[in-house]
Amino acid sequence: MPKKNPPNDAPAKKRVLIVDDHPIFRAGLTGLVNLEAELTVCGEANDAAQAMQAVEKLHPDLVLLDMSLPGKGGLELLKDIRAIAPQMPVLIISMHDETLYAERVIKAGGRGYIMKQEGPEKIVQAIRKVLGGSISVSERIAAQILDAMSGSKGGTSSSVSTLTDREFEVYRLLGQGKEPHEIARTLHLSIKTVDTHRAHIRQKLGLRNATELIHHATRWTAEQG
């Protein structure tokens, strides 16, 4: 009788989709993830459109998502992914300081936030933690989120943190030098809606006019690196 092959009892690898617009960094992440015995990169994307197509086609176990993408940013893309795949965990990896972005990410349904400056072992640890069903943020951010949930005054005090997610996206794009019509096209809004958001931003930040708003947003963007 022919000899039967032994059953393959090895557990299936967890499949990771990497979304980042920098090819070199994306390649580095791919190599890092594929070194782990229980993980594999199932696909890559460099913008929101490619990411949505990959999510629908590949059904990854986790999306590793850059916060800063051309056109639609990571925060809005996160919400889009949650809309079509609410159970799919998304881990944000970003060059931006966690103190402002991480809380927004968690509120939007993300499962974690890690900065690109962290070492490879911490990135892998964050991936494993999120795949295990937990939220992965630093101790500082965990305390900040708990403070915000409890109504404590210990949460983020930055005036920019008072902006809604949509206002924040408008503010971020203004800081990148985008004109109102470009912002409207990027965020799929009308010019009138963008102008309304700009007015609300000025009011919340205590700015007198559009010029002060541009200077404030540009300075803040420069500070974020």
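Me: Which element gives the largest share of the lining of the largest pocket?
Reply: H5, with 4 residues. This is a predicted model, where local features need pLDDT of at least 70, side-chain atom pairs count only at pLDDT 80 or more, and totals for chains, interfaces and linings use all residues. Residues are numbered from 1 along each chain as its sequence is written, and side-chain values use heavy atoms, with hydrogens and water left out.

Me: What counts as a pocket, and as lining?
Reply: Take a 1 Å grid over the protein atoms alone and a 1.4 Å probe; a pocket is an open set of points with protein on both sides within 12 Å along at least five of seven lines, and lining residues have an atom within 4 Å of a point.

Me: How many residues line the largest pocket, and which lie nearest its centre?
Reply: 13 residues line the largest pocket. Nearest its centre are Ile114, Lys122, Ser136, Val137 and Ser138. Strand E5 (112-115) and helix H5 (120-131) are the elements giving two or more residues to that lining. Helices (H or I, at least four residues) and strands (E, at least two) are DSSP runs, numbered from the N terminus.

Me: Switching to the core. Which residues touch the most other members of the largest nonpolar core?
Reply: Val19, Val63, Leu65, Leu77, Ile81, Tyr113 and Tyr171, out of 47 residues. A nonpolar core is a set of buried Ala, Val, Leu, Ile, Met, Phe, Trp, Tyr and Cys residues joined through side-chain atoms within 4.5 Å. Buried means under 20% relative accessible area, exposed over 50%, partly exposed in between (1.4 Å probe, protein chains only).

Me: What is Ile81 in contact with?
Reply: Leaving aside neighbours within four places in sequence, Ile81 contacts Met52, Val55, Val63, Pro86, Met88 and Val90. Contact means heavy atoms within 4.5 Å. There is also a second, separate core of 17 residues, with Leu29, Leu32, Leu62 and Ile93 among them.

Me: How many aromatic pairs?
Reply: The count is 4. Rings of Phe, Tyr and Trp (its six-membered ring) pair if their centres lie within 6.5 Å; planes under 30 degrees apart are stacked, over 60 edge-to-face, the rest tilted. Phe168 and Trp220 are edge-to-face, because their ring centres are 5.6 Å apart and their planes at 85°. Phe168 is in helix H7 (residues 165-175) and Trp220 in helix H10 (residues 210-223), so the pair ties together parts 52 residues apart in sequence.

Me: Are Phe168 and Trp220 buried or exposed?
Reply: Both are buried. Ring pairs link Phe168 and Trp220 with Tyr101 and Tyr171 into a cluster.

Me: And where does His216 lie?
Reply: In helix H10. His216 counts as buried, at 17% relative accessibility. Beyond residues up to four places away in sequence, His216 touches Val160, Tyr171, Leu205 and Leu207.
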